[in-house]
Amino acid sequence: MKKIIDLAKTKKSFVRHFTPKLVEVFRKKYTLKEYMRDCLAGLTVAVVSVPLAMALAIASGVTPAQGLYTAIVAGFLIALFSGSRYQIGGPTGAFVVVIFGIISQYGYTALLTTMILSGIILIVAGLLRFGTYIKYIPYPVVIGFTAGIGITLISTQIKDLLGLRIDSLPAAVLPKWGTYFSHLNTINIYAVLIAVLAFGIIIVCKKFFPKSPAYLISIIGATLPVVIFQLPVNTIGSQFGALPHFLPKPNFDVLDFSLIFTLLPSALTVAFLAGVESLLSAKVVDGMSGDNHNSNMELVAEGVANIGAAFFMGIPATGAIARTATNFKANAYSPVSGIMHAVFILLFMLAFASVAQYVPLACLAVVLIIIGWNMLGLDKMYNLLRAQAGDRNTLLATFLLTVFVDLNTAISVGFIMATIIFMHRMSREIEIETEDKMSEEIFGGESLPEALTEQGVIALRVSGPLFFGGVNEISKFFNQLRSKPKILILRMGQVPMVDASGANLLVEFIKKLEQNDTKVILCNVKKQPRRILHNTFLREHLDWHRISTASNYQNAVKMAKRCLHQLAKGATA
């Protein structure tokens, strides 16, 4: 019977953690009115997504059509399986550096393999409920690599922004800028004017018409003079040819088994970025809407979406913060808005693919530079640079490594630095102090008689988490105790947690005390430390019940008095 109950609980827990928001919405009443709300919101976001999808695809080293494929397929799948009610998925600026690096080094087929691997990693991470832990990624690391990606993204757009004639660009940031400066004599003045016009339109729209699709309006406004006056600038058509009118036929044979181990680090990076950005997006919109997202189901949705996008020749995708916020502000009701967003982009391909070939690359470069600038988050960086030295150093290390080395190294080093700094800070929170006299406030003004301490009673108060980071300091303090007390009261009411290292240290300390016939009384031990200490005693073949435990300090003092009385009686006998 117990097994049946446990199985039912397990099934209920699984359903709770892995039910898409779309299912939750359809379980309730979903009417035509809500559907119309979702359609209007989906159309609004699609208008924003179309230029971003094409621009991000070009920056990543693929065709604009592949950006649209991603927005359609990944956007549809993310909305279908998402753990967030308002999530909008598609290509984002966070992936540009990684995608460009993989394609440059291994080719586009390797990117598809990377996407499938990252999708599998995300699905497994979701099923193992790792979504709960991604929120613990250190803030300076997130800000550092995001800002680094922003700088790198801006650095990739100068060629199209100025219309420079450059055959090939170096991958590294500094050599890239050196190439730009050496080719300034090839500036295309028409491309510069188009870029200025596009930038001006975006500024005007955001200032005077904040609810308008600024990016789309700027692209239309910048394309018109190119078409009317036949300006000699690079366009989507001249660079990539005409856009297709429909999705490609899915190709399920895209996994290159020979590159799996080679691409695994890149797949982990893509999975990490997809997981972090999608959960950040879900968290942001939760704050706006009051809804609660399911982080584990969200990871599964991102994994399914990236695998699906690989089959349709797309690029990596995740939940996009700006587009998701736009979706909510457009009065979306459910994930159906995300599905309709994908449908409207598909309709755009059907109706306007032939027109998109006239879009100048200079105006797309402006859109990407603005995205990169927003990713910099200068206000957040400024606040962190004024914070504690550890946070400041972690931010700078992550940022500089992202820009000048690579994203994998930056995330690894930043995370390790943040972890070490956190452990150092926590170790400084550990305090151990002796109490030769009990506080008068405990017994309403009655102090512990000096005779009690003279008979060999010592009280130690331990505060803070006892973990491996602070073991050396604790051990040093214990070793400095010269006296060999008859009774030791160890107050642990302010110890929230104990890890294996801390538990082993306490056990070794208690063993030494027992060798000197010292009675140990543990006072006010919390649930987690009690469990860890109990298990450690079992492993060390010690009897937990030989250690006296008291629920509070007063009871510990009474125990100490009784022990002294019994010792005195034994000595007299």
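Let me begin with the salt bridges, because a search of the whole structure finds two of them, a salt bridge being a side-chain nitrogen of Lys or Arg within 4 Å of a carboxyl oxygen of Asp or Glu. Before I go through them, please keep in mind that this is a predicted model, in which local features need pLDDT of at least 70 and side-chain atom pairs count only at pLDDT 80 or more, while totals for chains, interfaces and linings use all residues. Residues are numbered from 1 along each chain as its sequence is written, and side-chain values use heavy atoms, with hydrogens and water left out.

In one of the two salt bridges, the side chains of E24 and K21 meet at 3.5 Å, N to O. These two residues are three apart in helix 2, which covers residues 21-27, so about one helical turn separates them; helices here are DSSP runs of H or I with at least four residues, strands are runs of E with at least two, and both are numbered from the N terminus. K21 also forms a salt bridge with D291, where the closest N and O atoms are 3.4 Å apart. Since K21 lies in helix 2 and D291 in the loop between helix 14 (260-289) and helix 15 (295-311), this pair ties together parts that are 270 residues apart in sequence.

The cut-offs are under 20% relative accessible area for buried and over 50% for exposed, with partly exposed in between, using a 1.4 Å probe and protein chains only.

Turning to the protein as a whole, there are 26 helices and seven strands, and of the 573 residues 52% count as buried. Among contacts between residues at least 6 apart in sequence, 84% join residues at least 24 apart, where contact means heavy atoms within 4.5 Å. The accessible surface comes to about 27800 Å², of which 62% belongs to carbon and sulfur atoms; the areas come from the Shrake-Rupley method with a 1.4 Å probe, and for residues only the protein chains shown count as cover.

V520 gives a local example of such contacts. This residue sits in strand 6, residues 519-523, and is buried, with a relative accessible area of 3%. Leaving aside residues up to four places away in sequence, V520 touches L488, I510, L513, I547 and S548. The C-alpha atoms of V520 and L490, which are 30 residues apart along the chain, are separated by 7.4 Å.

Grid points are joined across faces, edges and corners, and a volume is the space filled by probe spheres set on the points.

How many cavities of 30 Å³ or more does a search of the whole structure find? It finds one, and the largest cavity has a volume of about 30 Å³. Its lining consists of A55, I58, Q157, D160, L361, L364, A365 and L368. Helix 3 (32-60) and helix 18 (361-376) are the elements that give two or more residues to this lining, and helix 18 gives the most, with four.

The second largest pocket holds about 610 Å³ of space. Of the 28 residues that line this pocket, the closest to its centre are V97, V98, G101, V405 and D406. Helix 5 (96-106) gives the most to the lining, with nine residues.

Finally, two backbone angles. R129 has a phi near 65°, a positive value in a residue other than glycine, and its place is in the loop between helix 6 (108-127) and helix 7 (131-134). Q230, also not a glycine, has a positive phi of about 50° and is found in the loop between helix 12 (214-229) and helix 13 (236-240). R129 counts as partly exposed at 29% relative accessibility, and Q230 as exposed at 64%.

Methods. On a 1 Å grid over the protein atoms alone, a cavity is a set of points where a 1.4 Å probe fits but cannot get out, and a pocket is an open set with protein on both sides within 12 Å along at least five of seven lines; lining residues have an atom within 4 Å of a point.
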